Amino acid sequence: MSNIKPLIIGISGASGLIYTVRALKFLLEADYEIELVASKSTYMVWQAEQNIRMPVEPAQQELFWRIQAGVEVGGKLHCHPWGDVGANIASGSFRTLGMIVIPCSMSTAAKLAAGLSSDLLERAADVQLKEGRKLVIVPRETPFSLIHLRNLTTLAEAGVRIVPAIPAWYHNPQSIEDLVDFVVARTLDQLDIDCIPLERWQGRK
Ligand SMILES: Cc1cc2nc3c(=O)[nH]c(=O)nc-3n(C[C@H](O)[C@H](O)[C@H](O)COP(=O)(O)O)c2cc1C
């Protein structure tokens with residue numbers, strides 16, 4: 001029996017699917033085991049942002065993500081259909097390292113704040129909370145309405161770590177990937193996962 005528990009990645013229909021791709025790249029390269037669930041809206045956002053059809057069928061979707069991330073071998077990746085509320089990650093008895101929702105739409109933030117479990121992503125996130133495990137969300141919207149802020153506050157009060165998709169500029173970013181990787185690294189920091197070669201602030205030299 002493996003001592004290393006899987007990490008759940010939830011993907012919702014916010015802009016910025018490059019955040020998911022970069023997270024997968026580094027986690028799979030570092031040999032993490034990933035349980036992945038994308039909300040129904042994610043499929044439409046992929047189509048709109050990349051003009052690429054994301055497959056629904058789990059084995060095809062695994063291959064799709066591996067190609068997107070450029071990691072054809074390494075790590076373990078299991079993809080789940082959005083409606084499969086009978087999947088392993090729907091139960092608290094299935095042990096995990098926790099879950100990241102990257103990117104997290106305001107709709108998903110609202111549903112999590114209300115405790116809904118109407119699809120597998122919501123149920124898996126709800127399970128992390130009820131089991132006292134780490135739940136980290138990467139909200140992407142601008143500007144925020146008062147309702148968005150209230151929902152994010154409710155989640156923060158429930159122990160959710162909120163890592164907005166807001167990059168820093170002190171690490172001398174040279175590319176879009178450098179900006180994205182900063183957000184992904186700070187997200188994984190919340191789970192004490194350090195697998196991204198990020199230039200961290202060491203104080204002024
Ligand atoms: C191209 C595209 C980009 C979107 N970007 C965002 C976004 O950045 N943030 C957000 O909260 N919603 C965004 N939406 C709207 C969500 O996809 C929509 O509210 C959806 O119902 C979210 O469902 P989900 O949270 O179950 O994934 C976007 C939609 C499309 C088609």
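Trainee: What should I know before I start?
Mentor: The model is predicted, with local features needing pLDDT of at least 70 and side-chain atom pairs counting only at pLDDT 80 or more, while totals for chains, interfaces and linings use all residues. Residues are numbered from 1 along each chain as its sequence is written.

Trainee: OK, where does UniProt put the "binding site"?
Mentor: The unreviewed entry places it at Tyr170 and Arg186. They span 17 residues in sequence, yet no two of their C-alpha atoms are more than 13.8 Å apart, so they gather at one spot. UniProt positions are in the numbering used here, feature names are shortened, and annotations may be inferred rather than shown by experiment.

Trainee: Which element holds Arg186?
Mentor: Helix 7; helices (H or I, at least four residues) and strands (E, at least two) are DSSP runs, numbered from the N terminus. Tyr170 is in the loop between strand 6 (161-162) and helix 7 (176-189).

Trainee: And is Tyr170 buried or exposed?
Mentor: Exposed, with 9 other C-beta atoms within 10 Å. Arg186 has 19 such neighbours inside 10 Å, so it counts as partly exposed. The cut-offs, with C-beta atoms placed from the backbone: buried means 20 or more other C-beta atoms within 10 Å of its own, exposed 12 or fewer, partly exposed in between.

Trainee: New topic: what joins Ile102 and Pro103?
Mentor: A cis peptide bond, omega about -5°. Pro103 sits in strand 4 (residues 98-104). Thr142 and Pro143 are also joined by a cis peptide bond, with omega about -10°.
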